[in-house]
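Dear colleague,

Please find below the structure that I am handing over to you, with its sequence. My notes on the sheet, the helix packing and the aromatic rings follow it.

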Amino acid sequence: MQNNSTNTPMICFGEILWDVLPDGPQPGGAPMNVAYHLSKLGIKTGIISSVGKDNKGEKLLNLLDCWGIDRSLVQINTEQNTSQVVAKTNNKTEVIYEILFPVAWDFIKAEENALAQTWHNQYLIYGSLASRNEVSLQTLLGLMDTPSIKVMDVNLRYPFVKHSILEKLMTHADIIKLNDNELDKIQTIFNGTFGQESDKVKFIQDKFAVPEILVTKGEFGGSYYKENEAFHHFGSEVTVEDTIGSGDAFLAGFLANHMIQAPAKQMLREAIAMGGFVATKKGACADYSFQDYQNFKTEQEEKYLIS
């Protein structure tokens, strides 16, 4: 689904970095991954973040330019280094991260132009990891009074998980995306004791007054809860290269359709397709064309129609 509208851009807030993989570094960070895939879907997207005044930061900025992502709100930090994360994969489906602290994106400063631009954007997408340091947290909270739709991507990375920060971020969210493991952990953190997925989601919806929740389930697909309705869709069997960034691609596919107010089942179906497609690629921001994605969807649909 392509949409070349320029009057409803999305802004992603948070970490941009290098994932240091066994065979070399790859660009990453959930906000940048989401922005990348939104851009691939034809949606004008920008990032609020920070990189160091170093070669690694310069390379990330150049990539954003090449990808057509607005990086005018990415700050240059002369005191902190550009972020690196050591990522180790286990059987291609499990990723373990070693996240260094502090780094440039821990010190995203409040700037008037970021506030002004966010005020006119339709969506503000943020995660929990980027709020681990007080400077970036306060900058993000300062953007919460804008009228944009707030989308929270739960990103539990221990030891950077704090009850009080999660509560602040979830209270502001209109849409929350998490995986089934994070759903269990979130309800435990806030003293929920439910066994069924629908009850866990309802607990979070009621506690934080969040109308829409997405639950990703890898090869098993995903679920979309909107107020009192629930939608479910199965995943498709794909040849997995790695799962790095597939959840971010899922969110991008969902938001691209949410923006045009597509039917709920279509939003979920497109989200799962994007997540599965990116899992067949290496790294979070593998090179592909919109047509490549369309071809993948067609092949998957034909496969499951035949079976």
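The model is a predicted one, in which local features need pLDDT of at least 70 and side-chain atom pairs count only at pLDDT 80 or more, while totals for chains, interfaces and linings use all residues. Residues are numbered from 1 along each chain as its sequence is written, and side-chain values use heavy atoms, with hydrogens and water left out.

Helix packing

H6 covers residues 180–189 and H7 residues 197–208; they pack at about 50°, and their axes are 10 Å apart. Helices (H or I, at least four residues) and strands (E, at least two) are DSSP runs numbered from the N terminus. Axes are lines fitted to C-alpha atoms, for helices over the stretch in contact, with angles from 0 to 180 degrees between N-to-C directions. The crossing of H6 and H7 is left-handed, a term for a near helix turned anticlockwise from the far one by less than a right angle, clockwise being right-handed. H6 contributes Leu-183, Asp-184, Ile-186 and Gln-187 to the contact, and H7 contributes Glu-197, Lys-200, Val-201, Phe-203 and Ile-204; contact means heavy atoms within 4.5 Å. By class, this contact of H6 with H7 has 5 nonpolar, 1 polar and 3 charged residues. Here Ala, Val, Leu, Ile, Met, Phe, Trp, Tyr, Cys and Pro count as nonpolar, Asp, Glu, Lys and Arg as charged, and the others, Gly among them, as polar.

Helix H1 (residues 30–40) packs on helix H2 (residues 55–67) at about 20°, with the axes 10 Å apart. H1 and H2 are therefore roughly parallel to each other, and their crossing is left-handed. Met-32, Tyr-36 and Ser-39 of H1 meet Leu-60, Leu-64 and Trp-67 of H2. The residues of this contact are 5 nonpolar, 1 polar and no charged.

H1 also packs with helix H8 (residues 246–258), at an angle of about 45° and with axes 8 Å apart. H1 is thus oblique to H8, and the crossing of H1 and H8 is right-handed. On H1 the contact involves Ala-30, Asn-33, Val-34, His-37 and Leu-38, and on H8 Asp-248, Ala-249, Leu-251, Ala-252, Leu-255 and Ala-256.

The sheet

An open sheet of 9 strands has mixed pairing and the order S5-S4-S1-S8-S9-S10-S11-S12-S13; two strands pair if DSSP finds at least two bridges between them. Strands S5 (74–77) and S13 (229–233) stand at the edges, each with a single partner strand, so one side of each has no neighbour in the sheet. From one strand to the next, the twist averages 15°. Strands S10 (residues 175–179) and S11 (residues 212–216) run parallel and are joined by 5 bridges. Ile-176 stands opposite Ile-213 in S11. Helix H9 (residues 264–279) lies across S12 (222–226) and S13, at about 35° to S13.

Aromatic rings

Rings of Phe, Tyr and Trp (its six-membered ring) pair if their centres lie within 6.5 Å; planes under 30 degrees apart count as stacked, over 60 as edge-to-face and the rest as tilted. The count by this rule is 11 aromatic pairs. The Phe-101 and Phe-160 rings have centres 6.0 Å apart and planes at 40°, so the pair is tilted. This pair links distant parts of the chain, 59 residues apart: Phe-101 lies in the loop between S7 (94–99) and H3 (112–119), and Phe-160 in the loop between S9 (149–153) and H5 (163–172).

Methods. Parallel < 35°, antiparallel > 145°, perpendicular 65-115°, else oblique.
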